[in-house]
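Good morning, colleagues. Please take a moment to look at the sequence and the structure before I go through them.

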Amino acid sequence: MLIGYKDDENDTHTSTRTSTHTSSIDIRPSSENVTRLVLAIGKEEMNTELFFVTLNKSDKDFSASTMYDDYVVSENQFHWKSQNTDTHQGKGKRFVEQEKNKKKFLLFVRENKHDGFGNTCPFYCFGLVDYISSRDDKPMSIDWRMHQPILPQFIKAV
């Protein structure tokens with residue numbers, strides 16, 4: 001299934017629900033500017049969240065509250081900031097307790113929101129990630145271990 005959306009700042013974003021016989025997907029932009037889109041795939045056996053992350057953020061495209069510091073640490077590790085409301089004792093507990101709750105997290109990343117021609121850039125699937133460690137609250141700073149090495153074009157001088 002391919003899910004797309006237009007993320008221009010002036011567009012109106014609404015919650016969408018897509019259903020199939022085996023699962024359902026709730027689409028809820030995490031902010032009015034869609035800095036990142038988090039998809040929660042229903043059905044307990046799937047127990048999966050999808051993260052869509054833009055690495056290079058600009059004041060033009062993102063508000064101050066959504067300028068998350070997300071980056072590649074190494075070919076096997078990614079640093080990610082959660083939403084501004086997540087805490088270790090609140091909604092962020094699902095990340096910390098990943099091994100216990102068997103939750104899966106699937107990471108999609110793009111370098112920039114727009115290319116040099118103003119077109120929306122695609123996201124690349126980085127694959128499944130596992131929780132390593134975290135600190136801070138509102139937002140949480142989380143390090144993820146990649147199941148597969150990160151694409152070489154995303155690994156710069158790290």
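What I show is a predicted model, in which local features need pLDDT of at least 70 and side-chain atom pairs count only at pLDDT 80 or more, while totals for chains, interfaces and linings use all residues. Residues are numbered from 1 along each chain as its sequence is written, and side-chain values use heavy atoms, with hydrogens and water left out.

Let me turn to the strands. Helices (H or I, at least four residues) and strands (E, at least two) are DSSP runs, numbered from the N terminus. Two strands pair if DSSP finds at least two bridges between them. E7 and E8 run antiparallel and are joined by five bridges. E8 is also joined to E9, by six bridges and again antiparallel. Within that pairing, Tyr131 has Trp144 in E9 as its bridge partner. The hairpin of E8 and E9 has five residues between the strands, and Asp136 there takes a positive phi near 65 degrees.

A further hairpin is formed by E5 and E6, with two residues between them. Three bridges join E5, residues 71-74, to E6 in an antiparallel arrangement. Here Val72 stands opposite Phe78 of E6.

Which residues have the most contacts inside the largest nonpolar core? They are Phe78, Leu107 and Phe126, in a core of 18 residues. At least two core residues come from each of the strands E4 (48-56), E6 (77-81), E7 (104-112), E8 (124-135) and E9 (141-146). By nonpolar core I mean a set of buried Ala, Val, Leu, Ile, Met, Phe, Trp, Tyr and Cys residues joined through side-chain atoms within 4.5 Å. Buried means under 20% relative accessible area, with exposed over 50% and partly exposed in between, using a 1.4 Å probe and protein chains only. In soluble globular proteins, nonpolar side chains tend to be buried together.

Contact means heavy atoms within 4.5 Å. Leaving aside neighbours within four places in sequence, Leu107 is in contact with residues including Phe51, Phe78, Phe126 and Met146.

Next, the aromatic rings. Rings of Phe, Tyr and Trp (its six-membered ring) pair if their centres lie within 6.5 Å; planes under 30 degrees apart count as stacked, over 60 as edge-to-face and the rest as tilted. The structure holds 15 aromatic pairs. One of them is edge-to-face, between Phe95 and Trp144, at 5.9 Å centre to centre with 90 degrees between the planes. This pair links distant parts of the chain, 49 residues apart: Phe95 is in helix H1 (residues 93-96) and Trp144 is in strand E9. Phe95 is buried, at a relative accessible area of 0%, and Trp144 is buried at 1%. Phe126 and Phe154 also form an edge-to-face pair, because their ring centres are 4.9 Å apart and their planes are at 75 degrees. Phe126 belongs to strand E8 and Phe154 to the segment after E9, 28 residues apart. Ring pairs also link Phe51, Trp80, Phe95, Phe105, Tyr131 and Trp144 into a cluster.

Beyond residues up to four places away in sequence, Gln98 touches several residues, among them Phe105, Tyr131 and Trp144. The C-alpha atoms of Gln98 and Tyr131 are separated by 6.7 Å, although the two are 33 residues apart along the chain.
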